[in-house]
Amino acid sequence: MNGSIARVLLLGRKREYPFSDDEISQARQISSQLAIALANSLSVEKLNNLAKGTVEALARTVDAKSKWTSGHSERVSALGGRIARAMGLSEEKVETVIRGGLLHDIGKIAIPLAILDKPEKLTDAEYGDIKNHPAIGAQILEPIKAYQDILPLVLQHHERYDGSGYPSGLKGEEIDIRARIMALADVWDALVSDRPYRHGWVAERARKLIINETGTHFDPQVATTFLALLSEEMGLEEPTSERKTSSTGAI
Ligand SMILES: [Fe+2]
């Protein structure tokens with residue numbers, strides 16, 4: 001490739017007689033076809049790596065805005081991917097959950113840091129600003145054709161299963177399943193991480209909140225899958241459900 005040797009193809013046969021001119025020309029054709037295929041696959045791999053790196057860089061741009069959210073998007077992406085896979089979603093969908101997780105909060109780029117990092121309770125106007133970040137995120141990504149498939153995740157990750165979320169108040173299966181997964185992964189990571197207004201919760205306390213808000217904030221199927229994964233990880237018994245509502249602090 002480009003005058004250099006990338007691979008060597010060895011052809012032989014058991015019986016000892018020379019290759020005919022025809023066979024040699026066939027072997028040349030095979031090796032040049034293989035060289036072209038190899039060059040193409042390396043270009044595709046390079047492009048894929050570039051696209052993957054770009055998404056990760058964008059995610060880090062969002063998280064770097066505030067010290068409180070460092071690594072949040074990458075953790076939400078990884079957890080969302082695990083839940084999606086455990087729920088049996090196709091690999092293609094799992095991959096969009098992973099990419100969507102990285103970019104779900106990209107709209108926060110447009111929200112002032114003074115609001116994002118405010119330790120006190122937000123005013124209604126400030127909360128109104130925050131609520132714009134899913135739509136802003138979708139607007140930012142909209143011109144990129146390759147990201148069309150993750151727009152619903154970005155736009156709907158603050159919708160709640162009972163219809164009380166934002167920006168559209170979608171309910172149940174009106175919410176893209178990948179956004180329902182993202183909602184749980186997002187809240188979980190927000191709960192167990194430190195925030196300007198509180199310390200990160202211990203896993204057991206966060207787990208209780210997820211159980212309490214199953215069926216209201218969270219899709220029961222998503223929550224059940226997540227809790228099973230968590231039990232496996234923590235070596236816990238499967239939880240029994242009890243219900244009450246409370247604020248999660250995930251914005
Ligand atoms: Fe968000």
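Select leucine 102 first. In this predicted model, leucine 102 is buried, because 25 other C-beta atoms lie within 10 Å and 20 or more count as buried. Leucine 102 sits in helix α3.

Show its neighbours next. Leave out residues up to four places away in sequence, and leucine 102 touches Val55, Glu56, Ala59, Ser73, Glu74 and Ser77. Now pick leucine 79 and draw a distance to leucine 102. The two are 23 residues apart in sequence, and their C-alpha atoms are 11 Å apart in space.

**Helix α3**

Select residues 91–103. This is helix α3, with 13 residues. From first C-alpha to last, α3 reaches 19 Å, close to the 18 Å expected at 1.5 Å a residue.

Colour the buried residues of α3: Val94, Thr96, Val97, Ile98, Arg99, Gly100, Gly101, Leu102 and Leu103. What do these buried residues pack against?

- α1, residues 21–64
- α2, residues 72–86
- α6, residues 133–141
- α7, residues 151–156
- α8, residues 177–192

**Helix α1**

Keep α1 on screen. It has 44 residues. Its first and last C-alpha atoms are 63 Å apart, close to the 64 Å expected at 1.5 Å a residue.

How many residues of α1 are buried? The count is four among its 44 residues, and α1 is hardly covered. Select them: Val55, Ala59, Val62 and Asp63. These buried residues pack against α2 and α3. Val55 and Ala59 are also among the residues that leucine 102 touches.

An α-helix has 3.6 residues a turn, so residues three or four places apart point the same way.

**Helices α9 and α10**

Move to residues 203–212, helix α9, and residues 220–234, helix α10. Their axes come within 11 Å and cross at roughly 160°. An angle over 145 degrees counts as roughly antiparallel, so α9 is roughly antiparallel to α10. The crossing of α9 past α10 is left-handed.

Which residues meet here? On the α9 side, show Ala203, Arg207, Ile210 and Ile211. On the α10 side, show Ala223, Phe226, Leu227, Leu230 and Met234. Colour this contact by residue type: eight are nonpolar, none is polar and one is charged.

Methods
Residues are numbered from 1 along each chain as its sequence is written. This is a predicted model: local features need pLDDT of at least 70, side-chain atom pairs count only at pLDDT 80 or more; totals for chains, interfaces and linings use all residues. Axes are lines fitted to C-alpha atoms, for helices over the stretch in contact, and angles run from 0 to 180 degrees between N-to-C directions. Helices (H or I, at least four residues) and strands (E, at least two) are DSSP runs, numbered from the N terminus. Angles under 35 degrees count as roughly parallel, over 145 as roughly antiparallel, 65 to 115 as roughly perpendicular and the rest as oblique. A crossing is left-handed if the near helix is turned anticlockwise from the far one by less than a right angle, and right-handed if clockwise. Two residues are in contact if their C-beta atoms, placed from the backbone, lie within 7 Å. Ala, Val, Leu, Ile, Met, Phe, Trp, Tyr, Cys and Pro count as nonpolar, Asp, Glu, Lys and Arg as charged, and the others, Gly among them, as polar. The expected span of a helix is 1.5 Å times one less than its number of residues. A residue is buried if 20 or more other C-beta atoms lie within 10 Å of its own, exposed if 12 or fewer, and partly exposed in between; C-beta atoms are placed from the backbone.
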